[in-house]
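This report concerns a predicted model. The sequence and the structure are shown first.

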Amino acid sequence: MDSLIRTENVTKIYNPRKPDEVRALESATLNIDKGEVVVLKGPSGSGKTTLLSLIGCMGRPTSGRIVVDGRDIAKLPERFLTLIRRRTFGFIFQQFNLIRNVSVLENILLPLYPVDISFADMRLRGEKILEDLNIRDRMNTKVNKLSGGEQQRVAIARALINGPEIIIADEPTAHLDRKLSTDLLRILQDLNVSGKTVVIATHDPFVYDHPFIKRIVEMRDGRIQDIRLT
Amino acid sequence: MRHLKILEYALSSLLRRKYRNISLIAVYALTIAILASVLFLTYSLKLEASHILIDTPDLIVQRLSAGRHDLIPMEYVKTISEIPGVGSAVPRYWGYYYDSLSHSNYTLIGIDGDIPGLSLLEGRMPSAPRECVIGAGVGSMRIVGTGDTLALINSMNTGVVFHITGTFRSVSNILTNDLIVMSSKDLVQFFDLPAGRATDIAVTIHNPNEVATIAGKIRTAHSDTRPITKSEILRTYDAVFNWRSGIMLTIFSSALIAFCILAWDKATGISAEEKHEIGILKAIGWDTADILELKFWEGIVISLTSFLLGLIAAYIHVFFLNATILSPVIKGWSVLFPAFRLTPYIDIYQIFVLAFLTVTPYVASTIIPSWKTAITDPENVMRS
């Protein structure tokens with residue numbers, strides 16, 4: 001398999017050389033291949049969200065290299081990082097991070113606003129994804145009127161709207177019951193089958209023990225402790 | 001296409017916070033309305049004043065007695081008209097009349113012929129005794145018009161009834177609004193002016209460059225006179241209105257500064273919800289420039305809406321409601337006049353200055369804190 005994401009001795013220090021300095025990530029080296037499903041597993045404060053956000057071009061490492069699809073993102077200017085985020089990644093956040101008081105359709109179309117495609121094409125694309133995720137009937141509902149499971153589907157729809165190659169999910173089952181978690185994992189599995197690379201940060205055994213997970217990266221105190229295939 | 005979509009999102013974003021934005025627009029528009037009212041009112045008053053002066057004679061010669069304006073002897077007319085360079089010297093009869101019925105001051109003018117620069121809306125100029133022409137303000141205060149009669153109390157405390165033969169039309173409402181025009185003979189009788197005296201003398205001069213010289217000669221010939229030039233009157237009007245509007249603007253500038261502080265405070269104190277939203281947008285692929293464009297549109301929509309509403313409110317206040325709130329301060333003593341409607345004049349330059357001083361700070365105070373948030377890594381949103 002081709003290596004899609006590669007981190008080399010990545011360290012992330014928040015507030016360096018200040019009294020409240022935090023070493024969130026220490027010398028993390030990891031390869032993620034194209035089409036893989038990888039879980040970053042560990043307790044709170046283990047550094048998995050930090051690693052996930054650095055892989056997703058949401059921040060820059062203090063030291064080390066992060067190569068995504070052959071590009072060293074640590075050296076790229078901000079606007080290129082934005083382009084990579086927009087084109088390469090789809091994010092599913094722990095708290096859904098939907099814009100309140102905005103309709104489902106408008107929320108999922110948000111990543112397309114800065115892209116040069118017409119309103120009509122945006123709408124077509126949005127309706128198709130909502131159809132695939134079985135929430136098309138809720139298209140005009142404000143997201144704050146939806147259940148947790150529905151909000152998670154909207155967040156997934158938004159993550160997929162730009163046709164990303166890599167899906168990044170941070171504690172995606174944290175606010176879902178077992179049934180909704182099962183549905184979510186089925187959706188992620190389908191996405192993986194369709195060729196997407198999936199990286200999940202979680203400490204939920206229901207996720208990392210799921211049969212479709214290919215590899216588990218154990219993290220503790222900002223360090224990668226173990227990488228094992230399932 | 002991209003800009004249009006961001007504008008569309010900005011509008012929907014504003015609608016989402018409609019109550020907050022409506023209250024902001026209300027305060028903002030009120031500030032603009034007050035400032036624009038002062039500007040509209042002073043500019044219009046100055047233009048009205050300059051209209052009056054178009055047909056003003058080059059010199060008005062008054063007689064002073066104990067430092068006060070007194071009636072001028074008719075013999076002065078002859079000596080003044082003989083000064084080389086003088087075109088004409090015509091005695092004028094006029095006076096003020098306080099109408100206790102309407103608590104208004106009217107200006108009574110006696111004429112023998114037409115008044116230059118003024119035309120009648122309807123009717124004709126007085127041609128017989130006890131006839132008069134009135135301004136619109138007098139007509140509305142006394143609820144009379146052409147064909148009606150107008151009863152006034154003369155200086156002997158006797159009622160005199162005039163037949164109204166016409167009402168005035170003029171580009172300058174302030175000029176004719178409080179006017180009652182009658183024959184000179186009627187006016188002399190009405191005020192019981194002594195024979196051989198006029199209120200003042202209107203002098204025209206062939207060469208405008210000689211006005212000051214001739215004024216000096218008149219003072220030499222008649223040391224008890226005060227020749228007033230057209231430019232002196234213009235300067236007085238300018239000084240009065242500029243001073244008054246300056247006072248008003250100083251007061252309302254405080255309001256503007258207070259508003260700017262409020263806007264700055266609001267903008268710099270960007271809410272957690274807005275910060276979070278910016279973080280989400282950045283995380284899902286919006287560039288810093290896209291966020292700034294979004295905030296720019298939001299700021300522009302709010303500030304231009306407020307600006308236009310403020311201007312419209314000021315226009316209605318000044319030109320339709322007669323500047324009810326500001327006129328006691330700006331017009332000063334003239335509040336005793338019958339209410340008059342200002343002819344709308346707007347100085348585009350002033351509008352641009354006002355727009356620059358109000359729209360720019362608001363837009364800047366909206367964009368800068370958003371920029372500060374937008375340039376930080378969107379990573380924080382992952383942790384919220």
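## Chain B overall

In this predicted model, chain B comprises 13 helices and 13 strands. Of its 384 residues, 36% are buried. Among contacts in chain B between residues at least 6 apart in sequence, those joining residues at least 24 apart account for 82%.

## Strand β10 of chain B

Strand β10 of chain B spans residues 179–183, and five of its five residues are buried, so the strand is largely enclosed by the rest of the structure. A residue is classed as buried here if 20 or more other C-beta atoms lie within 10 Å of its own.

Two pairings of β10(B) can be described. With strand β5 of chain B (residues 104–111), β10(B) pairs in the parallel sense over five bridges; B:I111 stands opposite B:S183 of β10(B). With strand β7 of chain B (residues 131–134), β10(B) runs antiparallel, and three bridges join the two. In β10(B), B:V181 has B:V133 opposite.

## Contact between chains A and B

The contact between the chains involves 27 residues of chain A and 24 residues of chain B. On the side of chain A that touches chain B, α1 (48–55) and α2 (78–88) of chain A each supply at least two residues. The greatest contribution to this side comes from α2(A), with five residues. By residue class, the side of chain A that touches chain B consists of ten nonpolar, nine polar and eight charged residues.

Key: Residues are numbered from 1 along each chain as its sequence is written. Chains are lettered from A and ligands numbered from 1 in the order in which they are written. This is a predicted model: local features need pLDDT of at least 70, side-chain atom pairs count only at pLDDT 80 or more; totals for chains, interfaces and linings use all residues. Two residues are in contact if their C-beta atoms, placed from the backbone, lie within 7 Å. Helices (H or I, at least four residues) and strands (E, at least two) are DSSP runs, numbered from the N terminus. Ala, Val, Leu, Ile, Met, Phe, Trp, Tyr, Cys and Pro count as nonpolar, Asp, Glu, Lys and Arg as charged, and the others, Gly among them, as polar. A residue is buried if 20 or more other C-beta atoms lie within 10 Å of its own, exposed if 12 or fewer, and partly exposed in between; C-beta atoms are placed from the backbone. Two strands pair if DSSP finds at least two bridges between them.
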